[in-house]
Amino acid sequence: MKTNSEIAGSQQEPVKDDSVWSSPTLCGDVRVECLADLAGIVTAELTPMGLVLGVTRSLTSVLGYAPQELIGGNAFVHLHPEDLARAQHELLQTSSRGRYRYQHKDGSWRLIEVTHRCLAAGGGLSRIALVIRDVTGARTVEEDRDRLQLELGRISKLAALGTLAGGVVHDFNNLLTAIMGYTGQARAETEKPDVSHALDQVLKASDRARQLTRQILAFSRQETHAPEAVELKSVVEEAVALLRPVMPANIDLHTDLAANAGVVMADGCQVHQIVLNLCSNGIHAMRPRGGRLSIALQRRVHPLPTPNHKPNGWPVGDTVCLSVSDTGAGMDETTRQKIFEPFFTTKSRGEGTGLGLAVVQRIVRDHGATIRVISEPGKGTAFEIHFPIVNSPEASLTSARPSLGR
Amino acid sequence: MKTRILVIEDDPGVLQVLRTLLTRRGYEVVAATDGRDGIKYFDTHSAHLVITDILMPNVDGIETLRRIKETQPTVPVLVISGGHDIGPEYYLRIAKALGATEGLMKPFGADDLYATVERLLATANTSRTAAAAPALPTEPENQARLP
């Protein structure tokens, strides 16, 4: 295979005397120069073999070369060797648009987008007019398409979930009611231990199914949000009370809940959900060795924005920070970026729905709160949720709103 | 005299399991498959406790609750819901605001049902309404529609 330089040196230029495309080239036209400079592009004219007949002065700002450094030489010399054959082939088509790596005068590789049109003269291909644009760092059409496809997939999942929640969960709950009712009855009446054990398993599975429908309903935006002015301590304590009986023996549960951290507007049931979901994940992350699960509640004061300090989405002023941290497996950055996606899970099939953190994020957003995740592989993960403190003195305190009938 | 419970539920599976569980517990169960029939029974007879679903054809549970409470404000009403376009909590909250005594989110187990029913009956002043009520039919008119 010939090198770029060999190609440049071996060419025989079929320059013909033509009334339209004889020198000087278009690139010498002051109007073309001006427009190319304004547009930040390079226009050039090549022979089919790559000899540079003319190029606008904007070449210098785009690729570093002065026009005279390339005119008379071969444009392909600076193409990346892996892109050379493709570029030569494409430039011989009537017109095309392609992207190639091209070496800047400073030695760096730039991605250029070349749009060209072949100009026929005297019955044959005579010259190629090019427009060159530096697209280094810009997303390609393919990258855009992939990104949009991912987004479309996510939206499709959400739409499917909404349909599921609206149409199926109601019927599913009815079926579960029958299953749980009959099973409970049979469990109460049987005296056979093996039958009793089997029915217990049915009840456990039904309970998992019940939790799944709750998660789906909660996630599909169709669960209402009823905030009240509350001190979160009592709310979190209730959630912890629910957790303690099911806490594995090798998990050390530690709580540090400030009594007067501040009044926030919160839906008690939904805060329960946050605590239970985060703790469930923490417990799972510490399997099988166990570890320490910490739940804390404290007041935090965040600086107000100044010209030199812009919080960039981070809360300002006073917040109540609810944190749940574990000493488990932790996450790498790739995992961390996906954890709030619906149906993303690191758990084995059947162990998780992939909705827990998506629900948490939804609740956090509904509360006008902010969530932060700190994680390090091998060391553990901490979630911090900051609820804005309500300063209004007339906000009357209530305890957590119990769910009706529960 | 047995304690009579009117169950209004359009889902045959749920209706059947409720009837089975409550009957085995010693209650007399009268069943209706929508609010219209449930109200009709209640207007002409009575019950110590009403259990009603919320989303039902013809007359829904919210309207049923309102009509029953107009007829007999002291009767305890347990509303049950599995949600639909919105979560069950929303429906139960509305029902509570309209006078429902308690709510249960579907699915619930036998223990939840027994505990709730017994609590409601224990706290309700049902003796007066039951004594004044005419005898309930042993089988409601719409039983033929049930599987």
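## A side-chain contact in chain A

The side chain of Ser61(A) comes within reach of a backbone oxygen, that of Ser58(A), at 2.9 Å. This is a predicted model. Ser61(A) sits in helix α3 of chain A, residues 59-63. Is Ser61(A) buried or exposed? Its relative accessibility is 59%. Exposed means over 50%, so Ser61(A) counts as exposed.

Ser61(A) and Val42(A) are 19 residues apart in sequence. Their C-alpha atoms are 9.2 Å apart in space.

## Chain A overall

Chain A has 406 residues, and 44% of them count as buried. Its secondary structure comprises 11 helices and 12 strands. Take the contacts between residues at least 6 apart in sequence: 63% of them join residues at least 24 apart.

## The five-stranded sheet of chain A

One open sheet in chain A has five strands, in the order β7-β9-β10-β12-β11. The pairing is mixed. Which strands form the edges? They are β7 (251-257) and β11 (370-376) of chain A, and each pairs on one side only. On average, neighbouring strands of this sheet are turned by 15 degrees against each other, direction ignored.

Strands β10 (residues 317-326) and β12 (residues 380-388) of chain A run antiparallel, joined by eight bridges. Within this pair, Leu322(A) has Ile385(A) in β12(A) as its bridge partner. Helix α9 of chain A, residues 268-285, lies across β7, β9 (291-302), β10 and β12 of chain A. The helix runs at about 35 degrees to β10(A).

## The nonpolar core

How many residues does the largest nonpolar core have? It has 42. Leu232(A) and Ile295(A) have the most contacts inside this core.

Leave out residues up to four places away in sequence, and Leu232(A) touches Val264(A), Ala266(A), Val271(A), Leu297(A), Val320(A) and Phe387(A). Val271(A) falls in the span of α9(A). Leu297(A) falls in that of β9(A). Val320(A) belongs to β10(A), and Phe387(A) to β12(A).

## Chain B overall

Chain B has 147 residues, of which 59% are buried. It contains six helices and five strands. Along the sequence they follow the pattern β-α-β-α-β-α-β-α-β-α-α. Of the contacts in chain B with a separation of 6 or more, 74% are between residues 24 or more positions apart. Chain B exposes about 5900 Å², with 52% supplied by carbon and sulfur atoms.

## The parallel sheet of chain B

The five strands of this open sheet are ordered β2-β1-β3-β4-β5 in chain B, with parallel pairing.

Four bridges join the parallel strands β1(B) and β3(B). Ile8(B) has Thr52(B) in β3(B) as its bridge partner. Two helices pack on this sheet. Helix α2(B) touches β1, β2 and β3 of chain B, and its direction makes about 155 degrees with that of β1(B). Helix α5 of chain B, residues 110-123, touches β1, β3, β4 (77-81) and β5 of chain B. The direction of α5(B) makes about 175 degrees with that of β5(B).

## Helix α2 of chain B

Helix α2(B) spans residues 35-44. Its buried residues are Gly35(B), Asp37(B), Gly38(B), Ile39(B), Tyr41(B) and Phe42(B). They pack against β1, β2 (28-32), β3 (49-53) and α3 (61-71) of chain B.

Which residue caps the N-terminal end of α2(B)? Asp34(B) does: a side-chain oxygen lies 3.1 Å from the backbone nitrogen of Arg36(B).

## A buried glutamate

Glu9(B) lies in the loop between β1 (4-8) and α1 (12-24) of chain B. Its relative accessible area is 0%. The cut-off for buried is under 20%, so Glu9(B) counts as buried.

A polar atom of the Glu9(B) side chain lies 2.8 Å from the backbone nitrogen of Asp11(B). Beyond its neighbours within four places in sequence, Glu9(B) is in contact with Val14(B), Leu15(B), Ala32(B), Thr33(B), Asp53(B), Met56(B), Ile80(B) and Lys106(B).

Notes. Residues numbered from 1 in each chain as written. Chains lettered and ligands numbered in written order. Predicted model: local features only at pLDDT ≥ 70, side-chain atom pairs only at ≥ 80, totals over all residues. Heavy atoms only, no water. Buried < 20%, exposed > 50% of the residue type's maximum accessible area, 1.4 Å probe, protein only. Contact = heavy atoms within 4.5 Å. Polar contact = N/O pair within 3.5 Å; in protein donor to acceptor, adjacent residues only side chain to side chain. Pairing = 2+ DSSP bridges. Axes fitted to C-alpha atoms, helices over the stretch in contact; angles between N-to-C directions. Core = buried A, V, L, I, M, F, W, Y, C linked by side-chain atoms within 4.5 Å. Areas by Shrake-Rupley, 256 points an atom, 1.4 Å probe, with all protein chains shown as cover.
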